[in-house]
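The following note is intended to be read beside the sequence and the coordinates. Please keep both in view while working through the numbered points.

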Amino acid sequence: MGLCVDIRKQVAGFALDVTWDIGAELAVLFGYSGSGKSMTLQCLAGLSTPDSGRIDCDGEVLFDSARRVNRAPQRRPFGYVTQGCTLFPHMTVQRNIAYALKGVPARDRVSRIAEVVDALQLHGLEHRLPGQLAGGQKQRAQLARALVREPRALLLDEPFSALDTPVRVEMRQVVREVCERFRLPVVLVTHDLYEAYTMADRMIVYSGSGDVQVGSPCELFKSPATPEIETLLTSERLFMLE
Amino acid sequence: MSAELIFPFRLSLQVAAVATCMTAVVGITVAYVLARYEFRGKELLDLITTLPMVLPPVVTGYYLLVVLGRNGALSGALERTIGVRLNITFTWWAAVIAAFVVSLPLTVKTVRAAIESVDPALVSASHTLGRSEFDTAIHVVLPLARRGIIAGLILSFARALGEFGATIMIAGNISGRTNTAPLEIYNAVVYGDWNTAFTIVLAFTLLSGAMILAANRVAKVRGW
């Protein structure tokens, strides 16, 4: 059970070469901007193709360069939420959520929408357009839309970084609750050290020079694998980095 | 307006309406493909759909005659292969084709720009929500580009309504059959009937002005 990632990709400026796997837990993907965190999620979601490697979810192969498997984004069982708002601006919150339910029988739709509206506390906002929502509400609506497909993992690419601090604190709680309620692996990309330490069941640290270390926040803090990772995990400067 | 002016105006409206329907189907499809895909021959497709905007309409009309004329390239090929004799020159359908070809670039350009301005993150989001490229086009991209689409079609309609050069080449100037309103202006001037010419010119000026305003209005309306 869980998500196994083993991919390599050469991009202008850096080479991504990472291997990690997680179970039904909240994994924080942490590292400097430009260390390939977002690229990893895009590769998982199928929006970007690794040069080589393998991705599988619950034993199902989604990408395998050796066997020439590369599932289209539509056929990957993930919920993907990014920092910016990707709610469709011309659809209400409810229609945005229902949009993800193609192929689901009409009578099941109502209950599935009701479940995510309840989980993300969107009551009363169903008929609003995204432009009429506050930042935190938008992110909750995006989470609801991602969850309604009953994904087998949730990929969150810095979902809070555009939010004000109080809302961000509230959203961290929301994501924790979602992780517990839906019992699925969550990969949360962040470059906020505090967020990483407080939220992670498990941390995946990208050092920026190709090293990856995986472990609980406590383990990583006590025994960082390289001096670079140690700097990354202790540096105050991090809070000020973009 | 006198009775003999009703026919040219009705014909022009009819030609422009049919041509705009064709533009809607072909123009939006071409614009979508140009905006969203990279492929060999993309530049050529762009060139072919833009040329009629730049070429003198008479030149476009000449090409149309060469392709669709009685002994034209397409007509000849159709007759040789499936035995159908294409006989549309000097009918009102020829006027429709002239209006369509000449007005197509306006829709392609406007719609392409509108589609390119749709946030690619929304397209990716739609894909990760399990929706196909076609679903995404119908439910996300085209609705978000709808102002550009409407503006483009209004401009194309106005252009089709006033088409002269290509029309006279392939549809001729047959009274009671292919004398669209712009041709009728020419006829009136040739016969020294300045009052009639002025009436049609005035009608065109007002109509075209109104359509430009409408297109601008559509492009500017705020929402979402």
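1. Helix α10 of chain B covers residues 181-190, and its buried residues are Ala181(B), Pro182(B), Leu183(B), Glu184(B), Ile185(B) and Ala188(B). A residue is called buried if 20 or more other C-beta atoms lie within 10 Å of its own, exposed if 12 or fewer, and partly exposed in between, with C-beta atoms placed from the backbone. Just after α10(B), Gly192(B) has a positive phi of about 75 degrees. Helices (H or I, at least four residues) and strands (E, at least two) are DSSP runs, numbered from the N terminus.

2. The model is predicted: local features need pLDDT of at least 70, side-chain atom pairs count only at pLDDT 80 or more, and totals for chains, interfaces and linings use all residues. Residues are numbered from 1 along each chain as its sequence is written, while chains are lettered from A and ligands numbered from 1 in the order in which they are written. For chain B the mean pLDDT (the predictor's confidence in each residue, from 0 to 100) is 91, and 97% of its residues reach 70 or more. The complex as a whole receives an ipTM of 0.90 and a pTM of 0.86 from the predictor.

3. Chain B contains 11 helices and zero strands. Its C-alpha trace spans about 65 × 50 × 25 Å along the principal axes. Of its 224 residues, 40% count as buried. Two residues are in contact if their C-beta atoms, placed from the backbone, lie within 7 Å. Among the contacts in chain B between residues at least 6 apart in sequence, 76% join residues at least 24 apart.

4. Chain A has an open sheet of five strands in the order β2-β1-β4-β5-β6, with antiparallel pairing. Two strands pair if DSSP finds at least two bridges between them. Strands β2 (14-22) and β6 (69-70) of chain A are at the edges, each pairing on one side only. Six bridges link β1(A) to β4(A), where Cys4(A) stands opposite Asp56(A). Four bridges link β4(A) to β5(A), with Ile55(A) opposite Phe63(A). These two strands, β4(A) and β5(A), form a hairpin with two residues between them, and Asp58(A) in the turn has a positive phi of about 50 degrees. Between β5(A) and β6(A) there are two bridges, and Asp64(A) stands opposite Val69(A).

5. Helix α1 (residues 37-45) of chain A lies across β1, β2 and β4 of chain A and runs at about 115 degrees to β1(A). Axes are lines fitted to C-alpha atoms, for helices over the stretch in contact, and angles run from 0 to 180 degrees between N-to-C directions.

6. An open sheet of six strands in chain A has the order β7-β8-β9-β3-β10-β11, with mixed pairing. Because β7 (78-82) and β11 (212-215) of chain A stand at the edges with a single partner strand each, one side of each is left without a neighbour in the sheet. The twist from one strand to the next averages 15 degrees. Within this sheet, β3(A) and β9(A) run parallel and are joined by five bridges; Leu29(A) has Val189(A) as its bridge partner.

7. Which residues make up the contact between the chains? Chain A gives 19 residues and chain B gives 15. On the side of chain A that touches chain B, the largest share, three residues, comes from β7(A).
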